[in-house]
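Dear colleague,

Please find below the structure for your work. A summary of the findings follows it.

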Amino acid sequence: MSYKKSTYVSLILLIAMALVFMFVSSDLAGIQPNQPSSPATFPRIVATLIIIVGVISFITTLRQEDEKVELANFKYVITTIVATVIFLILWQYLGLFYILSFLLLCFLFYIFSNINNKIRKLLISGGTAITVVGLIYVVFSQLLGVNF
Amino acid sequence: MKRKKLFYFTILLLLITSLLAACGDNANSEDATYPDKSISMIVPFSAGGPGDVMTREVASIAEEFFGQTVVVENKPGGSGSVALNHTINQEADGYTIMNHSSTLPQTMASGEIPFTPDDVIPVATMVSNYHVLAVMADSPFQTFEDFVEYAKENPGELNVVGSNTNGANHVFSLKVMDGAEIDFNYVAYDGGGEALTRLLGGNADAIGASGEVVQQQVEAGEVRILAVSSSERVPLHPDIPTFKELGLENVDDELIWRGFFVKPGTPEDVIEEIQDVLKSVTESEEFAEYAEKTNQDIYFVTGEELETILNDIYNESKDLFERYK
Amino acid sequence: MDVFAFDFSALFTLQALFAIIFGTIFGLFIGALPGLGATVGIALILPVTFTLDPLPAILLLVAVYQCAEYGGSISSIVLGVPGTPAATATLIDGLPLARKGSPGKALGYSLTSSTIGGIVGGIILMTLTIPLANIAVKFGDPEFFLIGIVGLILVGGLSSKDLPKSFLSVLFGLLLSMIGIDTMTGSARFTFGSLSLLDGVSMIAVLIGMFAISEVLFMLGDLRKRYVSKKENLKTKISWEEFKNVFKSIMKGSFIGSFVGVLPGLGAGPASWFAYTEVKRSSKNPEDFGKGEPNGIAAPEAANNGAVGGALVPLLTLGLPGSPATAVILGAFLIQGIQLGPNVFKSETNLIYGIFWGFLIATVAMYVIGKYTTSLWARVLTLQNYILIPIILLVTIIGVYASSQNIFDVWVAIAIGVLAYILKKLDFSLPSIILAFILGPIIETSFRRSISMSGGDLTVFFTRSYSQIIIGILILMLIAIFISHRKQKTQKVKEETKAS
């Protein structure tokens, strides 16, 4: 991943976000017309500043030398994010928090582990996961009354 | 050394478990009539606020009358709409009871949340408090007439602080403006305490708040109440006139009340059962003590009377918000 | 009126001492759990106080408050999961120090600083309550606006090596803080129809997403790492030499915390960040900050506990809660039948002095109990990364959910976490985003209220005596930042000429 290219993308996204806020603000400007400021005043100031500083940052980045951004173990990063997203979707629609979190932990332990024996790996992952989930159940649900 | 550590840890665990065991849930009994399982009371505010404190008080007394556990759940957010949304997504069986205040129809009227009074059934109100318009003790306004006179000569110049926009204080201030035919600047803060700070610091001319907010400062002689919003003079301040006496017919019994709501479609007999329990709660000694300590009055209204009150607040606020946009 | 004429026998009852000790343990425990901070802790324990006498009841809550503020740093340091804005400031140096293999030292710095901060806050509470409250109440909206601006300039000017990106981070934080219902008009802004966004983007979701979830993704880079291999590194303690080295930062933090804590609406979060940036600014080696610098732990930790004493000032003298935690304590006073206000010092002298002394005892209890229990938490770091990462991930999810009981907030946290992972790689400043997000609402609403009250007149920010003092401080700080930048530049030039 190129540092300069990623910076350009992030700046463009940030400026786009500022433009959206600017655009939405126009609906808010008319509220309480007899007050010296409206709900739109601050968003407009901030959005304008983002556009100005964004352009300045664009220029300073142009002058910098490019470098490579290291994303270590990127494959695991993606796997973790995807697993978490699936977990959240299932939790939102099914409930079953404790079962799902057991599965999430089990899955992550399993793929991160470097034990060669598959059965042993599965047993260790499952065992650790059930201990952690059990502990969470006792502390949050039983002691503190926080229900998931 | 190791033993010592173990000892501390055991004590820690023991203490926590023993005192928190009370928070655990109970098993259900096998009774066919309502209620045959535990009841949830939903609080649309964070834990520790006045609405939360009242609900927890009610829950602990009502458990005895219901014969079931009553669990209090906080669902803060979205000016109450998160809790409301949760409530109307449950079964209409009376096992989910939502706490809210007279602010609910006002926020509905402002369009701030996408709900109307048709989305709830009010079960009963529990406590109420009157509004006051108050100034600092060293303010040039000795009476409400002084205040009105100045405001008439200098429209829009006086700054009146209060808690929140589109809430009870806001509506009250608008009604005072409307009734006295004056114009001042209502400035909203996050809570009555913050608004009171601005008054005490000399940064505002007056405060429009519920009586409990200014009570201590009034007793200390720092703050003077100009008028109260109840229909009769209040026993705590027998010398202070009501707005009604002063000719503001529209500010009559302008109360902030707290009560309970259920989802539309809940069976009549279940609602009646809840009403009976809540009535017994308001008649209990513990609840009377709570109301006295928190400077509130017990105010039990149910049924059609309450529905009329709710709809009146909604319509009146809607009209005010449109006119004073 | 004499604090020392207090009848101590009221304090040394079985009930009062038990309340303090139980409050301490409970506070440490609840503070250490991510997502559950002082406010939730106090609210959870509130029903227990109903049956107690007034003094033990309030002491129980005050002890929970004090210890939960310290306890928040435990999950920050050990897991990298902050539960409060204040604990996030501790995380920036506490986490790296723990990860270097010395979690015990990091926790030791934090515990010692918290204790001293708490005691300084307590002494200020005992001696200056009434004058401080009188000053605090005079602070109006123009002053709050200016304090917010001072904070933003400080953090924006100091935090990143890339100045435009650092200011963009500040602006991005401000933009995030504007989502939700506008307090002034009640109109929904930038919520795009979502009910869950009406109250704004959840603070805990932002904190945890930005620091904990992004950190989890970073940790994936080295799955075999084990942060702590030596058991003795788990012990919560620091040496006398190490203590002397951070003493100045502790004092700075304690005083900043106590005074900022007095101001309603600001409290522990901004206080910790102000203390952190101030210590970093005045440090001889600002480049060490963020890499495990002990002074970077000491200052914010002393500040957040100093702020506890500070926050009790307006509560006890005026009955004004300046934070959600003190609002719950106010509720407890009401339930005990005590109306806080100007008269309470006369009518309830014994109770108030009992609270003062009990507050100090609770702080000492926090040190003693903390010393022996916090190392238990540090044990987590003896696990290998591949076990630790999934656990931290699940704990972050639980923390966010427990704070609001809303899955929407968990989604927000995950999204912000992924975003922060990328932004950090690109040298944007995460602390700037956070501080702007915290201060944004204060700055905006106080600005708009100020000009609403002045009828659109902008001179209100310059004509009031307290505003002028703050503007003076602002100018001094700008000069100091400018000079230190000049120094760094000339130093760089010198080094370059040497090298060539």
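The side chains of Glu194(B) and Arg449(C) meet in a salt bridge, with an N to O distance of 3.8 Å. Glu194(B) belongs to helix α7 of chain B and Arg449(C) to helix α17 (residues 430-453) of chain C, so this pair joins two chains. Please note that the model is a predicted one. Over all chains, the count by the same rule comes to 20 salt bridges.

Chain B against chain C

Across this interface the rule finds 2 salt bridges. Besides the pair described above, Arg198(B) and Asp141(C) meet through their side chains in a salt bridge, at 3.2 Å from N to O. The number of residue pairs in polar contact between chain B and chain C is 6, counting pairs with both residues at pLDDT 80 or more. On the side of chain B that touches chain C, the elements giving two or more residues are α1 (2-20), α3 (81-88), β5 (159-163), β6 (185-189), α7 (192-200) and α8 (211-219) of chain B. The largest share of that side comes from α1(B), with 8 residues. Sorted by class, the side of chain B that touches chain C holds 20 nonpolar, 19 polar and 9 charged residues.

As for extent, the contact takes 48 residues from chain B and 44 residues from chain C. The area buried between these chains is about 4,300 Å², and carbon and sulfur atoms give 63% of it.

Chain A against chain C

Here 68 residues of chain A are in contact with 60 residues of chain C. The buried area is about 5,700 Å², of which carbon and sulfur atoms give 82%. Phe21(A), Phe42(A) and Phe112(A) supply 12% of the area that chain A buries against chain C, more than any other three residues.

How many salt bridges are counted between chain A and chain C? The count is 0. The rule does find 8 residue pairs in polar contact across this interface, both residues being at pLDDT 80 or more. The elements of chain A that give two or more residues to the side touching chain C are α1 (3-28), α2 (41-63), α3 (74-94), α4 (97-112) and α5 (118-143). Of these, α1(A) gives the most, with 13 residues. By class, the side of chain A that touches chain C has 46 nonpolar, 21 polar and 1 charged residues.

A helix pair within chain C

Two packed helices are described by the angle between their axes and the distance between the axes. In chain C, the axes of helix α3 (residues 54-78) and helix α14 (residues 349-378) come within 8 Å and cross at roughly 35°. The crossing of α3(C) past α14(C) is right-handed. Residues of α3(C) that take part in the contact include Leu55(C), Ile58(C), Leu59(C), Val62(C), Gln66(C) and Tyr70(C). They meet a set in α14(C) that includes Leu351(C), Ile355(C), Phe359(C), Met366(C) and Trp377(C). The residues of the contact of α3(C) with α14(C) divide into 17 nonpolar, 5 polar and no charged.

Backbone points to check

Most residues other than glycine have a negative phi, and most peptide bonds are trans. Two places in the model may be read against that background. The peptide bond from Tyr34(B) to Pro35(B) is cis, with omega near -10°. Pro35(B) lies in the loop between α1 and β1 (39-43) of chain B. In chain A, Leu96(A) has a positive phi, near 50°, and is a residue other than glycine. Leu96(A) is placed in the loop between α3 and α4 of chain A.

With kind regards

Technical notes. Residues are numbered from 1 along each chain as its sequence is written. Chains are lettered from A and ligands numbered from 1 in the order in which they are written. This is a predicted model: local features need pLDDT of at least 70, side-chain atom pairs count only at pLDDT 80 or more; totals for chains, interfaces and linings use all residues. Side-chain values use heavy atoms; hydrogens and water are left out. Axes are lines fitted to C-alpha atoms, for helices over the stretch in contact, and angles run from 0 to 180 degrees between N-to-C directions. Helices (H or I, at least four residues) and strands (E, at least two) are DSSP runs, numbered from the N terminus. A crossing is left-handed if the near helix is turned anticlockwise from the far one by less than a right angle, and right-handed if clockwise. Contact means heavy atoms within 4.5 Å. Ala, Val, Leu, Ile, Met, Phe, Trp, Tyr, Cys and Pro count as nonpolar, Asp, Glu, Lys and Arg as charged, and the others, Gly among them, as polar. Buried area is the accessible area (1.4 Å probe) that two parts lose on being put together, summed over both. A salt bridge is a side-chain nitrogen of Lys or Arg within 4 Å of a carboxyl oxygen of Asp or Glu. A polar contact is a pair of N or O atoms within 3.5 Å; within protein, one must be able to donate a hydrogen and the other to accept it, and residues adjacent in sequence count only if both atoms are side-chain atoms.
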